[in-house]
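Me: I would like to go through the terms used for this structure and see what stands behind each one. Please answer from the definitions.

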Amino acid sequence: GRVTITSGGNTSTLSISNAQLTDSDTYTVEATGTCNTNSESATLTVNPTTTTTDPADQTVCQGTNANFSTTATGSNLHYAWTVDGSPFGGDTSSISVATGALSPGAHTVGLTVTGDCGTVNQSATLTVQPSTTASDPADQTVCQGTSASFSTTATGANLHYAWTVDGSAFGGDTSTINVPTGSLSVGSHTVGLTVTGSCGTVTQSA
């Protein structure tokens with residue numbers, strides 16, 4: 001609403017309480033004496049309070065960029081970003097963080113916005129997921145009728161395993177399988193493996 005203007009009669013003071021942006025204006029005082037009337041004016045500028053939106057959390061694969069931004073209001077705004085406590089980027093409302101040198105896991109992105117009417121602190125979490133990797137299962141030579149064991153060591157996020165024997169699906173979503181050989185012919189057979197994760201797919205064979 002409008003400000004409350006308090007001024008008594010015949011006073012040289014004008015008081016404005018609860019000033020709002022809409023109260024920015026030019027105010028004039030008239031002083032009247034026996035001989036004449038004189039007027040003077042002053043301009044009131046009301047600056048907005050500093051506010052910012054919270055940058056959204058980001059989850060990205062290692063090696064890709066994570067983008068953070070804020071929308072701020074206020075006057076004479078300045079932005080200071082940090083990644084894991086270290087200054088990052090410039091005096092801008094958005095940054096792009098390269099993650100190739102960051103370790104997998106959670107990292108803190110901090111933001112301080114300073115304006116004429118206050119300072120606001122915000123933060124976001126950058127989660128870096130590792131690339132999908134899988135070791136090559138070792139070749140096996142066994143006697144017909146015994147089982148052959150195949151395994152892989154995989155890294156990454158949200159991993160899933162798909163095995164095949166001679167092109168046909170075999171086993172479950174596990175890092176290890178045991179292949180009975182009683183029904184297999186003598187000779188070589190191809191064991192295939194596809195490991196899929198949030199950050200890529202790896203194919204191996206034995």
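Me: How do the residues of the lining of the second largest pocket divide into nonpolar, polar and charged?

Reply: The lining has 9 nonpolar, 8 polar and 1 charged. Ala, Val, Leu, Ile, Met, Phe, Trp, Tyr, Cys and Pro count as nonpolar, Asp, Glu, Lys and Arg as charged, and the others, Gly among them, as polar. Keep in mind that this is a predicted model, in which local features need pLDDT of at least 70 and side-chain atom pairs pLDDT 80 or more, while totals for chains, interfaces and linings use all residues. Residues are numbered from 1 along each chain as its sequence is written, and side-chain values use heavy atoms, without hydrogens and water.

Me: What makes a space a pocket, and which residues are the closest to the centre of the second largest pocket?

Reply: On a 1 Å grid over the protein atoms alone, a pocket is an open set of points with protein on both sides within 12 Å along at least five of seven lines, whereas a cavity is a set where a 1.4 Å probe fits but cannot get out. Lining residues have an atom within 4 Å of a point. The second largest pocket holds about 380 Å³ of space, a volume being the space filled by probe spheres set on the points, which are joined across faces, edges and corners. It is lined by 18 residues, and Q140, V142, G187, S188 and H189 are the closest to its centre.

Me: Why is a set of residues called a nonpolar core, and how many residues has the largest one?

Reply: The name is for buried Ala, Val, Leu, Ile, Met, Phe, Trp, Tyr and Cys residues joined through side-chain atoms within 4.5 Å. Buried means under 20% relative accessible area, exposed over 50%, and partly exposed in between (1.4 Å probe, protein chains only). The largest such core has 16 residues, and F68, Y79, W81, I95, V97, V109 and L126 have the most contacts inside it. Two or more of its residues come from each of β7 (65–69), β9 (78–83), β11 (94–98), β12 (105–115) and β13 (118–129). Another core, of 13 residues, lies apart from it and includes A134, W163, L193 and V202.

Me: How do you know that β7 and β11 pair, and in which sense?

Reply: Strands (E, at least two residues; helices are H or I, at least four) are DSSP runs, numbered from the N terminus. Two of them pair if DSSP finds at least two bridges between them. β7 and β11 have 5 bridges, in the antiparallel sense, so they meet that condition. S69 stands opposite S94 in β11.

Me: Which residues of β7 are on its covered face and which on its uncovered one?

Reply: A66 and F68 are on the covered face, and N65, N67 and S69 on the uncovered one. In a regular strand the side chains alternate between the two faces of the sheet.

Me: Why is D84 called partly exposed?

Reply: Its relative accessibility is 41%, which lies between the limits for buried and exposed, so D84 counts as partly exposed. D84 is in the loop between β9 and β10 (86–88).

Me: What is said of the phi of D84?

Reply: D84 has a positive phi of about 55° although it is not a glycine. N76, in the loop between β8 (72–73) and β9, also has a positive phi of about 55° and is not a glycine. Most residues other than glycine have a negative phi.
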